[in-house]
Amino acid sequence: MRRWVGVERHFWRMMWRSSPPLVLTLFVIIALRGLGIWLMVHASGQALEALTEHSDRVWFWLVLTGIGVGIEPLAEAWQAAASVALQRRMSRQQVMLLAEAANAPHGIAHLENPETRARFTEIEDYLRGMFGVNAMFAVWMVLGYAAIGLGGFVAVAQWSWPLALWTLLAFRLLHTSWTGYLDVTLRDLIEEGSVERRQADYLRSLPLDRGAGKELRLFGMTPWLLRRYAEVWTLAFTGVWRRRNRAVRGAFVGAFVTAAMLAGSYAWAGHAAWTGSLAIGAAVTVLQGLMQMAALGALGDINVQAIRARFYENEIRQLRACFGLPSGLSSRGSEAEEAYRNRSEGTGPDTRPRASVATRPAAAAAAVDVTDATFTYPSRAEPVFRHLDLHIPAGQSVAVVGVNGVGKSTLIKLLCGLYPPDSGTVRIDGRDPAVDDDARRRVATIFQDFVRYQLSLETNVALPLLALGDDAESVRHTADRALRDAAGTDVLTRLENNWDTILEPGYAGGTDLSGGQWQRVALARALSAVAAGAGVLVLDEPTAALDVRAEAEIFSRFLEVTRGVTTILVSHRLSSVRHAERIVVLGPDGVVQDGSHDELLASGGPYAEMFRLQAARFAAAGAGPIAELAGENS
Ligand SMILES: Nc1ncnc2c1ncn2[C@@H]1O[C@H](COP(=O)(O)OP(=O)(O)OP(=O)(O)O)[C@@H](O)[C@H]1O
């Protein structure tokens, strides 16, 4: 009971916060609907009574009946419009609340935790789905029905309180037993089998995915996929069906008892009319009132949606609580919500002060210090590395190499503060990026699996500047230079809508880029981040899709344009990494070699061996100028 009160209070508080005038308006409409029904039921009975008595008052009661009848459709339409407007505000608030929750932790471990991810996905699906979009409509419809039922209740109670209460009890029993069933269904849907359901959803979405669509055809995987989908889906729902079947029995028992109680109500009123203790007009009022009270019973779908609305609002609150966030939006979130409202409702431009955007970090190279760091992924038992030490002075260019899976990308994630080390420290200019936003913003990284935003070319390149709120002209200017420095000018010239082209063919006028072109765009984004004030630039295999010559050219150019910034480059192509001032070879037990390209070649060991192997491969393939590039120093 206390839980229910807490959920209800929170739900109404959030609704009130999203728009007090609309909530007040809706309450007025609801009251009007109850009044309208009572007027119709009561006045029509009185009109009949007056008619049988040939009284002049018949017209008076007929007019009131007409008013009562007229109120209902008008109020219903008004209620629908107001609840849809309220939904818009609630959705906006919920999206912001959820986004704040997703972004609250400094790292990304929560996004890799299967349970948390499932909860996020579930809420997001709800918000975007039909139930989420119609939630407010449903909530106020249920209240509207309650008002109608109450109107009927008052009309019956005017003749007999016990009959009104008895009938109310019957309908509440029906309502409670079906709500109990729906509650079980809902909880099952959310809390049980979510991971399996997410997997089933993923499998179902694969044939619609452009990338997966290619492989599905190539490998003839569709029949296997459908079989696997059926298996996972059945697994996800078997328990749900069993529980649902059990719960529906209670609902049916409730329905039978309600039917018996209602038969009693009608017999009661009928007997009174038969024996003459209920006059004809009052009998009409009571019978109509009993019928209107049916609105207090099971409401089916609408009720499910109203329950869902409360459930998910509470889910958002609980998810936020997991990350130490209050139930309402932070001041920054409220500011963003206000800007969103201004724009979506066309009430004005985004006039927020610039202070609400990210602050521009100081533009100077930053030192990187990893001291005695041990790190284990939350889902793993074995650490990726133990007691790792790496110190990079400000302004140095360092290449990190090592075999697959040795932990290069993991090290980069630690430098970005996406995970804290289990023990030891990671510092950027003496500050911990795992807890300090400003320290993290000093690190600009292009990951191996960099994001291909389905947005314009300009946004893809200039994202770090847009995050700072730079004006359009300087954004375009810096993006232009960054793309040029990343040797991506031809990407721009080939696009029909130039900077405004959406980099996704699923949009009108949109297009895709080749792997190499995407990498140039990502590199340009890294350069924009440097222009935005990053002091450490990390490139995690950013050029794997480029040919060897293009990669070598880009690196020498990159080191040129990023002079004055600390650069960390991860690559398997040793022909490229040798341009770095210093090369660090990672092994299972941490740094196994550290020095310049020449020093490492001269000292022998893993680096020299890897380099000779690569050079020999190119030479054997007769790669001509490429072999020259790789073998220059061998
Ligand atoms: N999110 C994760 N959760 C659990 N384990 C992970 C995660 N990401 C990577 N790993 C594991 O951590 C180890 C190091 O991975 P990492 O990606 O850092 O290697 P890498 O040196 O960058 O490899 P590559 O050269 O193939 O890119 C691997 O064993 C990998 O399976």
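I began at Ala373, which stands opposite Leu388 in strand E2; strands here are DSSP runs of at least two residues (E) and helices runs of at least four (H or I), numbered from the N terminus. This is a predicted model, in which local features need pLDDT of at least 70, side-chain atom pairs count only at pLDDT 80 or more, and totals for chains, interfaces and linings use all residues. Residues are numbered from 1 along each chain as its sequence is written.

I then followed the pairing, which requires that DSSP find at least two bridges between two strands. Strand E1 (residues 368-375) runs antiparallel to E2 (residues 385-392), joined by five bridges. E1 also pairs with strand E4 (residues 423-428), again antiparallel and over five bridges, and there I found Arg427 as the bridge partner of Asp369.

Next I looked up the largest nonpolar core, which has 80 residues, with Ala526 and Val536 having the most contacts inside it. Such a core is a set of buried Ala, Val, Leu, Ile, Met, Phe, Trp, Tyr and Cys residues joined through C-beta atoms within 7 Å, where buried means that 20 or more other C-beta atoms, placed from the backbone, lie within 10 Å of a residue's own. Helix H20 (residues 515-531) gives the largest share, nine residues. Domain 2 (363-442 + 536-584) and domain 3 (446-534) both contribute, so this core lies between them; the bounds come from an automatic or database domain assignment.

Leaving aside residues up to four places away in sequence, I noted that Ala526 touches Ala444, Ile446, Leu537 and Leu539, contact being C-beta atoms, placed from the backbone, within 7 Å.

Key
A residue is buried if 20 or more other C-beta atoms lie within 10 Å of its own, exposed if 12 or fewer, and partly exposed in between; C-beta atoms are placed from the backbone. Two residues are in contact if their C-beta atoms, placed from the backbone, lie within 7 Å.
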